[in-house]
Amino acid sequence: MNLSRRPRRNRKSASVRTLVEETTLLAQDLVQPAFLLDSDSAREAVPSLPQIERLGLELMKQECDELLQNGIRGIALFPVFDDALKDDQGSVGLNAGNYFYQSLRELKQTFPELVFFVDVALDPYTSHGYDGLLSADGEVDNDSTVDILCQISCLLAETGIDYVAPSDMMDGRVRAIRQALDVAGHSSTGIMAYSAKYASSCYGPFRDAVGSSKQNGYLDKQGYQLNPANSREAIMELLLDTDEGADIVMVKPAGWYGDIISASRSKLQIPIAAYQVSGEYAMIQAAAERGWMDLEAGRDESLLSIKRAGADLIFTYFARCWNGNRS
């Protein structure tokens, strides 16, 4: 064959492929989500999240140390509260003395070089499992919820964490949180906004982990999370949060919404995070357990695709085993 161009020449060996590789995924690109218990040494498995456990404070310290040793620089922490402490107002989230705030302060002091992202929403604290306060007609009330989110953000900032991460999808909450933080003297605390958070079917294992699943069935959050059919709406939300003062914006889930990551990359100058959510992680684990997929190959390809789409940092449950042997 008389071919002037043979693309396979650039694929002929591992060394050549590495030299011409367009996208590189590093440990420092990853953030590990983790679930913190009100305990020193408790360890609880999450059946729907293989190899992920809820950890007490001392075990979480070990986890943080291992993350740093493996080159991971970020952790996203979520609280796990007993149902008996929850009410329809999420009152435990406003208790400055609760175990979560105290533990965050100790963790950040112990690991100052680890970047801490902490979720801001009411679902870990409410008995109904929704991300905000409910009005008389059962809908999530936007403005009263934003007021509570501002208070929680200030409590989190006082622990010394690096970024508050509003994941509630309420209108105007980024500007309100930024103003509240600045007034309270926390101008150095960043905001990583869950800006394009879709009403996805992939959140089930996470809700199991934090105990926010509705006891009588599926939690319908379509009234505030994004419609999976919409892309222009997602870009609007990302731009709004950027204008309101977000330091980082997020697309969630990551794997099924690579088009949103790519489209936002061409429009935004600030860092873009993407969350490979619990259901995406669980699907790869389940396929590997059944012998339908090589776990490491599936893990690496899925994460590389997210980075290739344009994400600067990736929240993934695989982060903890990226440089280790625990996959």
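At 48% relative accessibility, Arg-43 falls in the partly exposed class, because a residue has to be over 50% to count as exposed. Please keep in mind as you read that this is a predicted model. The salt-bridge partner of Arg-43 is Glu-53, and the closest N and O atoms of the pair lie 2.7 Å apart. Glu-53 is partly exposed as well, with a relative accessible area of 31%.

Where do Arg-43 and Glu-53 sit in the chain? Arg-43 belongs to strand E2 (residues 43-45) and Glu-53 to strand E3 (residues 53-55), so the bridge links distant parts of the chain, 10 residues apart.

## Other charged pairs

In total, the structure holds 16 salt bridges. One of them joins Arg-173 to Asp-168, with 3.2 Å from N to O. Are these two side chains buried or exposed? Arg-173 is buried at 1% relative accessible area, and Asp-168 is buried at 0%.

Another salt bridge pairs Glu-244 with Arg-175, their closest N and O atoms being 3.7 Å apart. Glu-244 is in helix H7 (residues 232-244) and Arg-175 is in helix H5 (residues 173-183), so this contact ties together parts that are 69 residues apart in sequence. Glu-244 counts as buried, with a relative accessible area of 12%, because the limit for buried is under 20%. Arg-175, by contrast, is partly exposed at 40%.

## Helices H2 and H3

Two packed helices are described by the angle between their axes and the distance between the axes. For helix H2 (residues 57-69) and helix H3 (residues 99-110), the angle is about 30° and the axes are 11 Å apart. The crossing of H2 past H3 is right-handed.

Which residues meet here? H2 contributes Leu-57, Glu-58, Met-60, Lys-61 and Cys-64, while H3 brings Ser-103, Glu-106, Leu-107 and Thr-110. Charged side chains also take part in this picture: Glu-58, Lys-61 and Glu-106 are linked in a network of salt bridges.

Strand E8 (residues 248-252) is mostly covered, with 5 of its 5 residues buried. In a regular strand the side chains alternate between the two faces of the sheet. On one side of E8 are Ile-248, Met-250 and Lys-252, on the other are Val-249 and Val-251, and all of them are buried, so both faces are covered.

E8 has parallel partners to look at. Strand E7 (residues 190-197) runs parallel to E8 and is joined to it by 5 bridges; within this pairing, Lys-197 stands opposite Lys-252. E8 also pairs with strand E9 (residues 272-276) in the parallel sense, over 3 bridges. There, Met-250 stands opposite Ala-273 in E9. Together with helix H8 (residues 258-265), E8 and E9 make a right-handed β-α-β unit.

## Thr-189 in a loop

Thr-189 is found in the loop between H5 and E7. Leaving aside residues up to four places away in sequence, Thr-189 touches Ala-157, Ile-161, Asp-162, Val-164, Arg-178 and Leu-181.

Note on methods:
Residues are numbered from 1 along each chain as its sequence is written. This is a predicted model: local features need pLDDT of at least 70, side-chain atom pairs count only at pLDDT 80 or more; totals for chains, interfaces and linings use all residues. Side-chain values use heavy atoms; hydrogens and water are left out. A salt bridge is a side-chain nitrogen of Lys or Arg within 4 Å of a carboxyl oxygen of Asp or Glu. Helices (H or I, at least four residues) and strands (E, at least two) are DSSP runs, numbered from the N terminus. Buried means under 20% relative accessible area, exposed over 50%, partly exposed in between (1.4 Å probe, protein chains only). Two strands pair if DSSP finds at least two bridges between them. A crossover is right-handed if, with the strands pointing away from the viewer, the path from the first strand over the helix to the second runs clockwise. Axes are lines fitted to C-alpha atoms, for helices over the stretch in contact, and angles run from 0 to 180 degrees between N-to-C directions. A crossing is left-handed if the near helix is turned anticlockwise from the far one by less than a right angle, and right-handed if clockwise. Contact means heavy atoms within 4.5 Å.
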